Amino acid sequence: RRGSQVEEEEDKIDDSVGFLVTIEGYTPYKNVDELIDPTGVGDDKSKWGLVTRLINLSKENGKDFPFELFEKSEIDHFKQEYDPVDLDDENMPLGIGVKKKLLRIPLEEEEKNPRGMRIGVRGGGLMTTGIIKEEEVLVDPMTNEEMSKTWDLYTAEDVANNPSLSSRDIAKQKMNEITNKPLVIIRDHWFRIQAKFKWKDAPEIEEEVPTAPDYQNI
């Protein structure tokens with residue numbers, strides 16, 4: 001019985017030839033789930049995400065298409081990750097955005113700040129007053145638009161539209177009324193997909209048979 005169980009396990013081993021693909025990038029698309037791997041889309045191609053298209057490679061390209069996604073349901077063979085673009089995220093793919101320090105208080109307003117006010121910088125300074133004078137962010141190298149997660153701060157426009165605010169509130173962190181924690185702004189998201197593909201009718205790899213060393217008589 002034990003021998004037959006081993007045989008059954010060996011029969012389950014897939015010895016197909018294939019390769020591993022890693023896809024990394026970022027997107028300003030807000031609903032990143034719908035972009036990468038939406039659920040319940042069926043045959044509606046207009047709603048397919050990136051992963052949906054990988055799953056349907058053979059179906060879309062004909063039965064003779066040589067590549068097929070392998071075991072999407074198994075984490076050992078398929079993995080997808082995505083999170084907000086964040087300067088402090090060590091798991092984020094390399095090469096996303098360019099670091100840039102942005103002044104959050106207009107120069108004319110900074111001059112009005114009383115001396116001795118302790119001003120903070122994200123990732124480094126003290127934030128005793130909740131005022132963020134400048135912030136290091138990631139920007140798109142082509143559009144120069146901010147990409148990364150940042151503090152949600154009161155702007156000069158907020159002050160102009162809210163009588164309860166004053167110029168002293170410019171660049172002050174907005175707080176969650178329930179948790180009393182600082183709010184953040186989420187912008188772009190990064191993603192990483194690691195997938196294995198079967199390669200049907202892949203050319204056989206010739207195994208090199210090692211030859212014995214050519215010893216010479218001394």
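# Report on a predicted protein chain

Asparagine 180 lies in the loop between helix 6 and strand 8, where helices (H or I, at least four residues) and strands (E, at least two) are DSSP runs numbered from the N terminus. The model is predicted, with local features requiring pLDDT of at least 70 and side-chain atom pairs pLDDT 80 or more, while totals for chains, interfaces and linings use all residues. Residues are numbered from 1 along each chain as its sequence is written, and side-chain values rest on heavy atoms, without hydrogens and water.

**Backbone in the loop**

Although asparagine 180 is not a glycine, its phi is positive, at about 60 degrees. Asparagine 180 is exposed, with a relative accessible area of 57%; buried means under 20%, exposed over 50% and partly exposed in between (1.4 Å probe, protein chains only). Alanine 171 is also placed in the loop between helix 6 and strand 8. The phi of alanine 171 is near 75 degrees, again a positive value in a residue other than glycine. Alanine 171 counts as buried, at 0% relative accessibility. Most residues other than glycine have a negative phi.

**Overall organisation**

The protein chain contains 6 helices and 9 strands. Of its 218 residues, 28% are buried. Among contacts (heavy atoms within 4.5 Å) with a separation of 6 or more, 65% join residues 24 or more positions apart.

The largest nonpolar core has 12 residues, including Val32, Val51, Phe65, Phe78 and Phe191. Such a core is a set of buried Ala, Val, Leu, Ile, Met, Phe, Trp, Tyr and Cys residues joined through side-chain atoms within 4.5 Å. Strand 9 provides the largest share, 4 residues. In soluble globular proteins, nonpolar side chains tend to be buried together.

Isoleucine 193 is a member of this core. Beyond its neighbours within four places in sequence, isoleucine 193 contacts Val21, Thr22, Ile23, Ile36, Leu50, Val51, Phe78, Lys79 and Gln80. Histidine 189 is likewise found in strand 9. Histidine 189 is buried, its relative accessible area being 12%. When residues up to four places away in sequence are not counted, the partners touched by histidine 189 are Gly25, Tyr26, Thr27, Tyr29, Lys30, Val32, Asp83, Pro84 and Val85.

**Salt bridges**

The structure holds 9 salt bridges, each being a side-chain nitrogen of Lys or Arg within 4 Å of a carboxyl oxygen of Asp or Glu. Side chains of opposite charge can pair when their charged atoms come close. In one of these bridges, lysine 149 pairs with aspartate 86, and their closest N and O atoms are 3.3 Å apart. This pair links distant parts of the chain, 63 residues apart: lysine 149 is in the loop between strand 6 (132-139) and strand 7 (150-151), and aspartate 86 is in the loop between strand 3 (78-84) and strand 4 (98-103).

A second bridge brings together the side chains of lysine 174 and aspartate 152 (3.7 Å, N to O). Because lysine 174 lies in the loop between helix 6 (156-161) and strand 8 (184-185) and aspartate 152 in the loop between strand 7 and helix 6, this pair ties together parts that are 22 residues apart in sequence. Another bridge joins lysine 172 to aspartate 169, with the closest N and O atoms 4.0 Å apart. Arg104, Glu135, Glu146 and Arg187 are linked in a network of salt bridges.

The accessibility of several residues in the paired bridges is set out below.

| Residue | Relative accessible area | Class |
|---|---|---|
| Lysine 149 | 22% | partly exposed |
| Aspartate 86 | 10% | buried |
| Aspartate 152 | 17% | buried |
| Lysine 172 | 32% | partly exposed |
| Aspartate 169 | 13% | buried |

**The largest pocket**

The largest pocket has a volume of about 150 Å³. Of the 15 residues lining this pocket, Arg104, Trp151, Leu153, Tyr154 and Thr155 are the closest to its centre. A pocket is an open set of points on a 1 Å grid over the protein atoms alone where a 1.4 Å probe fits, with protein on both sides within 12 Å along at least five of seven lines; lining residues have an atom within 4 Å of a point. The volume is the space filled by probe spheres set on the points, which are joined across faces, edges and corners. The lining comprises 8 nonpolar, 2 polar and 5 charged residues, with Ala, Val, Leu, Ile, Met, Phe, Trp, Tyr, Cys and Pro counted as nonpolar, Asp, Glu, Lys and Arg as charged, and the others as polar.

Tryptophan 151, one of the residues closest to the pocket centre, is found in strand 7. Tryptophan 151 counts as buried at 18% relative accessibility. Tryptophan 151 and glutamate 135 are separated by 16 residues in sequence and by 8.6 Å in space, C-alpha to C-alpha. Glutamate 135 belongs to the salt-bridge network that also includes Arg104.
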